[in-house]
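User: I'd like to go through the labels on this structure and see what each one rests on. Can you take me through them?

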Amino acid sequence: MTKGSDTKSRQVLVLQGGGALGAYQAGVYETMHGEALEPDWVAGISIGAINAALIAGNTPEQRVERLRAFWEKVSSELLGIAPADDGPARRWFNEIAASTVATIGAPGFFRPHNFFAPSADALLQTISMYDTSPLRETLLELVDFDMLNDGPMKVSLGAVNVLTGNFCWFDNREQRLEPEHVMASGALPPGFPPVIIEGQPYWDGGLVSNTPLQHVIDTAERCDMTIYQVDLFHSRGELPRDLSQVLQREKDIRYSSRTRYNTDAAQQLEELRLAAARLCEKLPDELRDDPDLRALTQAEPPGVMRVMHLINRREPHQSFSKDYEFSRATVNDHWSGGAADMALSLDHPMWTERDMEHRGIIAYDCTNPDGARMRGPDGVQLYAENKAAE
């Protein structure tokens with residue numbers, strides 16, 4: 001058995017959206033790959049969908065190489081060395097890099113439209129600021145879509161129908177996925193244009209929900225699962241002290257995952273199901289066949305769900321432009337941060353010594369700066385407090 005793994009459990013990788021912050025997810029996968037933890041199912045939104053395609057659309061031996069190729073390509077025009085690891089100088093470096101990306105785009109990803117075209121109506125007739133056709137060419141270069149569709153890994157990508165406002169999932173077990181499905185999941189307006197699939201326009205799934213966790217919980221087969229949820233925005237933060245921090249805090253709140261809500265809601269449904277089953281045992285035989293009671297008790301119970309929650313917690317030098325700051329220095333920082341957080345989590349005693357038999361959903365946050373903790377049916381427990389109690 002590899003480090004911290006459970007050979008009987010289905011391995012699921014859940015990737016949130018977050019633009020340039022997605023290099024953190026690549027680092028997380030690099031550590032997983034080094035520990036022979038290959039996912040059976042990868043679900044992604046926005047940049048998470050791109051990383052998901054790069055993972056599922058290549059052989060295990062090629063996956064880290066292709067992830068590295070993508071992230072090096074999109075950062076290839078911003079190779080300057082950061083003047084410091086933190087402080088005002090690093091923040092200015094990041095802001096200049098982000099401004100450069102906003103002006104000229106990111107290679108192999110997106111480029112600005114020409115708003116100085118001869119037509120006076122060019123600006124009004126354009127429904128996005130950037131052209132994402134370079135991304136299609138990059139995906140065709142780095143992703144084997146035959147492997148993505150026919151390989152052993154299940155792939156789910158989230159997007160939003162522009163006309164109906166409904167959230168939808170593109171799944172390689174239900175339809176053939178092409179570059180357009182990946183691009184649709186990351187078509188965040190007004191920067192990126194909608195992507196047309198079978199006559200319908202789609203935008204970034206993060207407009208409705210920026211994490212695939214709920215989709216995984218709702219649609220998974222009833223089996224034991226180990227879920228690695230990789231978030232790029234952190235929900236907790238301090239009171240902003242300036243306008244830049246206000247914009248960053250607003251973005252963090254808007255795009256952070258509702259992990260606690262999702263896991264709590266699923267756990268409450270399971271507790272209600274168990275309560276209905278216990279009530280059924282107390283009823284006389286003539287009432288046990290009531291259709292309403294059968295509807296409550298015949299649902300299959302979920303298996304054991306263990307969620308390792310990895311969060312790219314905000315670095316002091318980041319700002320509201322962090323999701324489009326594609327400098328090589330910052331991309332490398334995100335990548336190494338994800339790799340280190342995954343290594344720490346896999347080695348943490350709270351994870352390696354976890355109860356493999358306890359039913360329901362338990363989320364583990366091993367890299368929490370306030371102390372490693374797990375959240376399950378019994379509430380939140382700090383690892384340090386548990387060890388002290390022993």
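**Labels and their cut-offs**

Analyst: Let's start in the sheet: V14 stands opposite A43 in strand 2. This is a predicted model, where local features need pLDDT of at least 70, side-chain atom pairs count only at pLDDT 80 or more, and totals for chains, interfaces and linings use all residues. Residues are numbered from 1 along each chain as its sequence is written, and side-chain values use heavy atoms, with hydrogens and water left out.

User: What makes strand 1 and strand 2 a pair?

Analyst: Pairing takes at least two bridges found by DSSP between two strands. Strand 1 (residues 10-15) and strand 2 have four bridges and run parallel, so they pass. Strand 2 also pairs with strand 5 (residues 154-161), in the parallel sense over five bridges, and there A43 stands opposite S156. Strands here are DSSP runs of E with at least two residues, helices are H or I runs of at least four, and both are numbered from the N terminus.

User: Which way does the chain cross from strand 1 to strand 2?

Analyst: It goes through helix 1 (residues 23-34), and this β-α-β crossover is right-handed. That label means the path from the first strand over the helix to the second runs clockwise, with the strands pointing away from the viewer.

User: Why is R354 called buried?

Analyst: Buried means under 20% relative accessible area, exposed over 50%, and partly exposed in between (1.4 Å probe, protein chains only). R354 has 7%, so it counts as buried. It is found in the loop between helix 14 (349-352) and strand 11 (361-365).

User: And what does the side chain of R354 reach?

Analyst: The backbone oxygen of W351, at 2.5 Å. A polar contact is a pair of N or O atoms within 3.5 Å; within protein, one must be able to donate a hydrogen and the other to accept it, and residues adjacent in sequence count only if both atoms are side-chain atoms.

User: How many residues of strand 2 are buried?

Analyst: Five of its five. W41, A43 and I45 point one way, V42 and G44 the other.

User: What makes something a nonpolar core?

Analyst: It's a set of buried Ala, Val, Leu, Ile, Met, Phe, Trp, Tyr and Cys residues joined through side-chain atoms within 4.5 Å. The largest one has 73 residues, with F109 and F326 among those with the most contacts inside it. Its largest share, eight residues, comes from helix 2 (residues 47-56). A second, separate core of 14 residues includes V14 and W41.
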